[in-house]
Amino acid sequence: MVVSAPEMKAFLLATPFFGGLPDPGLDLLISMLVERRFDAGATVVAEGEPGRSMFIVKSGRLTVSKRANSGSVIPISILEPGDFFGEMSLIEMQDRSATVAAESSTVLYELTAQKLYACYKADIHAYVIVLQNINRELCRRLRRSDDRLTGHEVGEEEPSAR
């Protein structure tokens, strides 16, 4: 299926990564994206490997997992259309922190660190919005992780102080 430019823009604007971008910044970033396709079962990124790009999920379903000290694989989360991953390697310039594998046939949009830097040079306003969006998503993930560690359900209200 061919996706028109307006449909692609509408999809990307609805994602947490591109939310709030004005048209010129969005057009610039769209021009920097490279479409990547993966079959079901394919590993997109592997924990511990160098990473210099991030991905936005256009279609499909992916699993995120980490290897425990014992060697067992721990599922972390599921990624679906609109989600993004790999941004940590762009921010901290460290190896991949987890493995991401396609559960189904998947289409991703890849943005490299080099292209993100080009965005910084060309449109600082768009760059700042993208970084704010990444930071918001990282904060959401940290909050969910904190809730899981403490046994709280996401969205559960705190008991009243008496």
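**Chat about a predicted model**

Me: Before we go on, what am I looking at?
Reply: This is a predicted model, in which local features need pLDDT of at least 70 and side-chain atom pairs count only at pLDDT 80 or more, while totals for chains, interfaces and linings use all residues. Residues are numbered from 1 along each chain as its sequence is written, and side-chain values use heavy atoms, with hydrogens and water left out.

Me: Thanks! Back to S53: which strand is it in?
Reply: S53 lies in strand β3. Strands here are DSSP runs of E with at least two residues, helices are runs of H or I with at least four, and both are numbered from the N terminus.

Me: And what does the side chain of S53 make a polar contact with?
Reply: With the side chain of E110, at 2.6 Å. A polar contact is a pair of N or O atoms within 3.5 Å; within protein, one must be able to donate a hydrogen and the other to accept it, and residues adjacent in sequence count only if both atoms are side-chain atoms.

Me: Which residues is S53 in contact with, leaving aside neighbours within four places in sequence?
Reply: S53 is in contact with G86, S89, L90, R96, E110, L111, T112 and A113. Contact means heavy atoms within 4.5 Å.

Me: New topic: what order do the strands have in the open sheet?
Reply: The open sheet has four strands in the order β2-β7-β4-β5, with antiparallel pairing. Two strands pair if DSSP finds at least two bridges between them.

Me: Which strands stand at the edges?
Reply: β2 (43-45) and β5 (73-79) do, each with a single partner strand, so one side of each is left without a neighbour in the sheet. On average, neighbouring strands of this sheet are turned by 30° against each other, direction ignored.

Me: How many bridges join β4 to β5?
Reply: Six bridges join strand β4 (residues 62-67) to β5, and the two run antiparallel. One example is K66, whose bridge partner in β5 is I74.

Me: What does the side chain of K66 meet in a salt bridge?
Reply: The side chain of E47, at 3.4 Å from N to O. E47 lies in the loop between β2 and β3 (53-59) and K66 in strand β4, so the pair ties together parts that are 19 residues apart in sequence. Both ends are partly exposed: E47 has 30% relative accessibility, and K66 has 33%. A salt bridge is a side-chain nitrogen of Lys or Arg within 4 Å of a carboxyl oxygen of Asp or Glu.

Me: How many salt bridges does a search of the whole structure find?
Reply: Nine. One of them is between D27 and K9, at 2.8 Å from N to O. That pair links distant parts of the chain, with D27 in helix α2 (residues 23-32) and K9 in helix α1 (residues 5-13), 18 residues apart. D27 is partly exposed at 38% relative accessible area, and K9, D23 and D27 are linked in a network of salt bridges.

Me: At what angle do α1 and α2 pack?
Reply: About 105°, with their axes 11 Å apart. The axes are lines fitted to C-alpha atoms, for helices over the stretch in contact, and angles run from 0 to 180 degrees between N-to-C directions. α1 and α2 are therefore roughly perpendicular to each other. Angles under 35 degrees count as roughly parallel, over 145 as roughly antiparallel, 65 to 115 as roughly perpendicular and the rest as oblique.

Me: Which residues meet there?
Reply: M8, K9, L12 and L13 in α1 meet D23, L26, D27 and I30 in α2.

Me: What about α4 and α5, where do they cross?
Reply: The axes of helix α4 (residues 113-122) and α5 come within 5 Å and cross at roughly 130°, and the two helices are therefore oblique to each other. L116, C119, Y120 and A122 of α4 make the contact with I124, A126, Y127 and V130 of α5.

Me: Last one: which residue forms a salt bridge with E137?
Reply: R140, with the closest N and O atoms 2.7 Å apart. They are three residues apart in helix α5 (residues 124-150), which means a separation of about one helical turn. E137 is buried at 10% relative accessibility, whereas R140 is partly exposed at 38%. Leaving aside neighbours within four places in sequence, E137 is in contact with P16, F84 and R144.

Definitions and conventions
Buried means under 20% relative accessible area, exposed over 50%, partly exposed in between (1.4 Å probe, protein chains only).
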